[in-house]
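Please keep the sequence and the coordinates at hand while reading.

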Amino acid sequence: MTRRSTTRLLAASAAALTAVSLSACASSDREDEGGGGGGETGGTLVFGAAGDPKMFDPAFASDGETFRVARQIHEGLLGNELGGTDPVPELARDWDVSEDGLEYTFALEEGVKFHDGTDFNAEAVCFNFDRWYNFEGLAQSPSATPYYQDVFGGFASTPDTPSIFESCEATDESTAVIRLTKVTSRFPSALALPAFSIQSPDALQEYDADNLGGNDDALTYSEYALEHPVGTGPFKFDSWDRSNGEVTIVRNDDYWGDKAKLDEIIFRTISDGNTRRQEFQAGEIDAYDFVAPADYETLQEDGEVLVRDPFNILYLGINHGNVPGTTANPALKDVRVRQAIAHAIDRETIVNSQLPEGAEVATQFMPPTVEGWADDVTTYEYDVERAKELLAEAGATGTTLKFFYPTDVSRPYLPDPAAIFQVINQNLIDAGFTVEATALPWNPDYLNAVQAGLQHDIHLLGWTGDYNDAYNFIGTFFAAKADGLAKAEFGAFDNQEIFAALDEGDTNPDVDGRTEDYQEANRRIMEFLPGLPISHSPPALVVSERVQGLEPSPLTAEVFSTVSLTD
Amino acid sequence: MLRFIVRRLLQLIPILLGLSVLLFAWLRALPGGPAQAALGERATPEDIARYNELFGLDEPLVVQYLRFLGRAVRLDFGTSARTGRSVTTEFFERMPGTIELTLFAMVFAIGLGIPLGYLAARRHGSWVDSTSVIASLLGVAIPVFFLAYLLRLGFAVELGWLPGSGRQDVRMNATRITNFYVLDGLLTREWDAAWDAVKHLLLPAIALGTIPLAIIVRITRASVLDVVNEDYVRTANAKGLATATVRRRHIIRNALLPVSTTIGLQTGLLLSGAVLTESVFAFGGVGSAIYEAIGARDFAVLQGFILILAVVYVLVNLLVDISYGLLDPRVRVR
Amino acid sequence: MTAMGDVKRRRIDELAARAGAVPEGEGGVSLTRSAFRRLRRDPVAIIGAVIVITFLVVAAFAPFLAPRDPLAQTLLSEIRPGNIPGAREGFPLGVDNLGRDILSRLIWGSRQSLMIGVVSTVLGVVVGMAFGVLAGAFGGWVDTVVMRFIDIVLSIPSLLMAISISVLLGQNQYALMIAIAVTQVPIFARLLRGSMLAQRNSDYALAAQALGVKKSRIVFGHVLPNSLSPVIVQATLSLATAIIEAAALSFLGLGDPDLARPEWGAMLANAQAFLSIRPELAVYPALCIIVVALGFTLLGESLREALDPKFRR
């Protein structure tokens with residue numbers, strides 16, 4: 001946000017940010033006086049990442065480590081409000097929506113150049129939209145382009161799953177008109193996702209960006225994605241030393257907005273959480289992400305722990321058992337058994353003992369800050385006796401639950417899966433369930449297994465919101481798939497009321513009406529109980545005292561252009 | 001001597017073939033077979049059939065094995081499921097780090113172990129002796145990764161004397177030629193880069209070298225004790241040879257023979273320990289790659305890396321055998 | 001003889017040959033007795049034995065010794081992410097991140113950890129001995145085939161072998177034991193074969209053969225029993241390695257998947273996350289592992305000395 005002048009700010013998001021932006025402006029003025037285009041403080045920031053990025057073409061990305069780097073190199077038409085969840089203008093200065101909600105006219109920033117020196121303009125924007133729409137082969141697989149498919153549906157060559165994208169037209173140098181076939185609440189907010197970053201058409205073509213290899217589960221990427229990503233962002237890609245897990249990006253001195261202050265950032269992969277902490281304490285890295293809840297207090301002594309607002313959900317998914325060939329426990333079709341699970345689990349204690357301070361018990365599948373959250377959904381108190389009664393009523397006392405949970409992973413919403421699993425496991429046993437536990441490595445085994453819905457009864461999973469939109473949470477979980485049923489993860493249940501409420505919300509052009517639709521959807525969901533929402537928890541990063549100006553983002557979408565180092 | 005070496009080399013062949021059979025069978029025996037391992041659990045029967053056809057997995061086992069062997073000989077172990085890169089490329093990118101680390105660990109273990117063991121034996125029964133014996137027993141009993149944590153906590157976090165992770169300061173823009181960072185620093189005369197790489201090697205090398213150190217102390221002590229009691233040493237002493245001469249000519253030289261054998265054996269231990277040490281110290285070597293591959297169930301990497309490492313191990317032992325043959329003529333005759 | 005094994009083999013064979021060289025005149029019984037006498041006078045052996053016996057007793061009587069249920073998350077409601085209550089009345093060593101009594105978990109953990117050590121070692125000994133006897137008793141091509149196979153297994157560094165096996169078998173507590181056992185097999189196979197070969201040509205075996213005693217009786221009645229002492233020594237030492245290796249596999253995420261089941265290696269691995277607030281959580285299980293490993297090593301080393309005729313001069 002600070003990288004453009006305050007005049008460009010949307011009124012909606014201006015208030016809270018004025019101070020930040022003004023100060024940033026002031027500093028950028030000083031920079032200009034100094035000439036030479038150098039940063040205020042310069043220097044190299046070393047950031048400890050928990051994993052390697054996959055590559056740097058955000059169109060094919062779906063994991064946080066890839067996004068973290070991509071966000072600094074690339075920009076989209078929209079961006080995210082600094083430290084918030086609302087979409088704000090980025091490469092698009094402004095936009096208009098037609099009456100019917102199908103045509104978006106984007107007025108683009110002028111004088112913007114890609115890192116390779118080519119111009120950013122309406123044609124470049126349309127080139128990117130057409131690129132996504134015309135993906136072929138492996139690029140169409142769900143693992144390659146999950147975000148595109150989630151927002152736009154299918155591709156030019158997949159008439160069976162039509163795309164809601166119709167066309168993109170460059171009416172002049174700085175105006176792009178995008179037409180959709182269907183109204184959706186996800187548009188245009190979704191354009192703030194890194195997946196819809198505008199990349200240099202020249203570089204995309206030169207380095208054969210769409211050339212994917214491998215197979216669905218193990219894609220291999222193009223030279224573009226691995227070595228030559230070119231965007232418009234405040235930092236340029238420099239190098240990737242894979243054997244040491246180091247990605248280096250350097251300041252883009254020709255950036256169109258407020259230039260970055262740092263000379264370079266090195267993202268260094270240290271997968272072990274303890275090593276990350278100790279390396280931070282030893283001063284080898286300046287900042288790192290995924291601070292273990294246990295370390296929040298200790299680390300305050302060595303730096304500043306930046307706690308993000310909770311913008312995620314951890315839930316216990318329940319397999320409804322409608323997937324053909326599933327071995328799921330049929331007792332779970334009985335809502336009383338699902339209610340028994342809900343009453344059996346002591347979410348209060350889980351939140352207090354295992355999640356960082358500031359975490360809260362979830363009453364529904366989205367955080368209260370998202371429009372559409374309802375304060376009057378059915379709630380399920382921790383009540384072991386009630387759970388036992390419900391089980392007895394359903395004739396399912398002692399019924400066996402195959403409980404799947406992930407290993408080798410720490411997610412923003414699930415810092416320590418094993419610990420939370422053990423608490424829930426004990427809760428369920430206390431309430432008269434029999435539990436058969438299965439632990440699988442997160443990726444790909446665990447995700448594949450629970451998303452297939454064939455073996456598990458209940459499982460732990462969660463979601464961090466991509467932007468402030470109810471559908472991004474509950475739509476992702478519970479909207480009907482092409483076959484008219486919920487997704488396999490929840491056992492393909494059939495609840496037309498939920499599906500209808502979600503669809504109404506998504507296609508309602510009226511924003512207030514949309515909120516009500518989503519509230520209704522939340523009430524239906526919590527009555528039906530396709531799973532049990534457990535918690536919203538605030539993930540944190542930590543920075544040393546030298547680091548100034550890093551604004552934590554609830555979306556975990558921090559931008560580093562505002563960061564500076566002091567000595 | 002030449003015949004001895006040739007014979008040793010020929011004897012390698014069955015071992016290497018056997019290794020390849022073992023690791024080929026390993027990948028075949030994984031739940032769901034190689035197709036499932038590569039495609040994941042979500043793979044439909046059609047996907048698997050397609051994959052099987054693509055990689056010739058529907059052919060007779062012998063044919064498949066020969067194919068595998070053919071690729072293995074050309075150092076082609078497929079691509080990593082995690083990074084999508086060639087397993088061999090990844091291996092050779094990371095091997096220099098592990099070689100540096102094991103060499104440093106070995107130098108630490110030998111440099112400290114032989115004098116300590118010798119001293120313990122010469123002062124048999126003194127406190128030096130008992131301390132080194134107890135310490136060497138303890139050294140074997142501490143889990144390597146726990147020791148690594150302790151070392152880092154002490155020397156990197158609390159005292160701040162040495163870096164606690166990585167191979168080189170990331171802020172250092174060192175020139176890379178061979179990927180042996182110490183060597184690179186020396187070649188390019190970037191002395192600070194070389195010194196920095198050395199500092200990064202110290203803690204992991206100590207953690208990794210502790211078990212070999214403990215073993216070398218014990219062996220040296222025992223063999224010095226053995227040799228001291230041998231007739232020829234007594235004869236030499238009785239003949240009135242100078243103590244120093246006796247030591248140099250007879251005791252040390254003969255005591256070092258069994259020690260040199262153990263050093264070859266330690267390679268296996270070091271390669272095992274490297275998996276643990278490198279992952280604790282986030283050290284970009286082969287060991288940490290194996291650790292990551294376990295977490296990601298990256299079978300192609302596991303298969304390729306383990307096979308290459310086993311071959312390395314076999315070769316190191318071959319070298320030790322040959323050098324042993326040079327030192328001790330009796331071996332050649334056998 | 002192949003290149004690889006030569007060095008390692010020589011070490012093992014040396015050990016075997018020493019035991020094999022037992023003068024028949026002393027006889028099995030008196031050897032055992034004299035070894036036992038020497039052991040009793042050896043302070044190192046006594047320390048080792050005391051440690052081992054203590055832990056064996058603790059493991060055997062865990063249900064009576066543990067003050068609490070090792071699975072009960074008693075103090076869970078008092079746990080905060082940055083604050084795990086330390087030692088207090090009723091919880092002499094404090095609790096873990098799920099409010100479970102550490103002392104009780106350590107006591108029960110001794111059971112599981114020792115079991116992993118014992119089962120994997122016994123498995124390694126039995127299978128290794130079977131191979132060794134096969135090779136040693138039959139000789140010829142059987143010997144060649146068996147030993148070649150053993151050499152191949154031996155050429156994979158042990159932890160890498162254990163990793164491969166446990167990835168192959170999937171995560172369960174038996175996989176852990178089998179994985180460790182496999183790394184032990186070659187050692188025992190070599191050991192036994194070597195010592196049997198040494199004895200096959202010994203005077204008493206030749207004499208028995210000349211007297212027309214059946215081959216199987218010579219092997220099982222004389223040669224095998226006389227080959228056992230190096231096996232016992234090595235098994236004691238292997239127990240230590242097995243317990244440490246189990247901890248390493250836990251650290252690598254290949255340990256017992258049942259997290260509730262107390263086991264030292266798993267406790268140590270789990271405690272890594274709380275090093276900054278409660279380092280003791282890691283120190284206790286680590287100490288247990290170190291002390292037990294030390295106990296077995298001391299016992300094994302002094303056994304070796306006691307049984308080794310060379311040390312008797």
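**Backbone geometry, domains and interfaces**

A:Thr556 is situated in the loop that runs between β22 (547-548) and β23 (564-565) of chain A. The model is a predicted one, and in it the phi angle of A:Thr556 is near 55 degrees, a positive value in a residue other than glycine. Most residues other than glycine have a negative phi, and most peptide bonds are trans. A:Thr556 has 20 other C-beta atoms within 10 Å and therefore counts as buried, since the cut-off for that class is 20 or more.

A second residue of this kind occurs in chain B. B:Ala282 is not a glycine, yet its phi is positive, at about 45 degrees. B:Ala282 belongs to the loop between α11 and α12 of chain B. Because 25 C-beta neighbours fall inside 10 Å, B:Ala282 is classed as buried.

Chain A also contains a cis peptide bond, which leads from A:Phe187 to A:Pro188 and has an omega near 5 degrees. A:Pro188 lies in the loop between β7 (175-180) and α5 (201-206) of chain A.

At the level of domains, chain A is assigned a domain 1, comprising 6-290 + 539-565, and a domain 2, comprising 312-536. The C-alpha centres of domain 1 of chain A and domain 2 of chain A are 31 Å apart. In the contact between them, domain 1 of chain A takes part with 22 residues and domain 2 of chain A with 17 residues. The side of domain 1 of chain A that touches domain 2 of chain A consists of 10 nonpolar, eight polar and four charged residues.

The description now turns to chain B. Its secondary structure amounts to 14 helices and zero strands. Of the 334 residues in chain B, 48% are buried. When contacts in chain B between residues at least 6 apart in sequence are considered, 68% join residues at least 24 apart.

Chain B is likewise divided, with domain 1 covering 2-73 and domain 2 covering 94-154 + 208-333. Contact between the two involves 14 residues of domain 1 of chain B and 12 residues of domain 2 of chain B. Which helix gives the most to the side of domain 1 of chain B that touches domain 2 of chain B? That helix is α1 (residues 2-29) of chain B, with 11 residues. By class, this side of domain 1 of chain B holds 12 nonpolar residues, one polar and one charged.

The buried residues of α6(B) are B:Ser132, B:Ser136, B:Leu137, B:Gly139, B:Val140 and B:Ala141. The elements that cover these buried residues include α5 and α9 (191-228) of chain B, together with α10 (215-251) and α12 (280-307) of chain C.

Chain B also meets chain A, where 30 residues of chain B are in contact with 33 residues of chain A. On the side of chain B that touches chain A, at least two residues each come from α2 (33-39), α5 (87-122), α7 (144-158), α11 (243-280) and α12 (286-296) of chain B. The element that gives the most to this side is α7(B), with four residues. The residues of this side of chain B comprise 11 nonpolar, 10 polar and nine charged.

For chain C, an unreviewed UniProt entry places the feature "transmembrane region" at residues 44-66, 114-142, 149-168, 174-192, 231-254 and 282-303. Residues 44-66 of chain C are 91% helix and 0% strand, with end C-alpha atoms 29 Å apart. Residues 231-254 of chain C are 88% helix and 0% strand, and their end C-alpha atoms lie 29 Å apart.

Confidence remains to be considered. The model has an ipTM of 0.84 and a pTM of 0.85. The average pLDDT of chain B is 82, and 87% of the residues score at least 70. Within chain B, confidence is highest in α5(B), at 91, and lowest in helix α14 (residues 329-333), at a mean of 54. Chain C averages a pLDDT of 82, with 88% of the residues scoring at least 70. In chain C, pLDDT stays under 50 over residues 1-7, for which the model has 26 contacts beyond four places in sequence. Over residues 18-28 of chain C, pLDDT also stays under 50, and the model has 22 such contacts beyond four places in sequence.

Notes
Residues are numbered from 1 along each chain as its sequence is written. Chains are lettered from A and ligands numbered from 1 in the order in which they are written. This is a predicted model: local features need pLDDT of at least 70, side-chain atom pairs count only at pLDDT 80 or more; totals for chains, interfaces and linings use all residues. Two residues are in contact if their C-beta atoms, placed from the backbone, lie within 7 Å. Ala, Val, Leu, Ile, Met, Phe, Trp, Tyr, Cys and Pro count as nonpolar, Asp, Glu, Lys and Arg as charged, and the others, Gly among them, as polar. UniProt positions are given in the numbering used here, feature names are shortened, and annotations may be inferred rather than shown by experiment. pLDDT is the predictor's confidence in each residue, from 0 to 100. Domain bounds come from an automatic or database domain assignment. A residue is buried if 20 or more other C-beta atoms lie within 10 Å of its own, exposed if 12 or fewer, and partly exposed in between; C-beta atoms are placed from the backbone.
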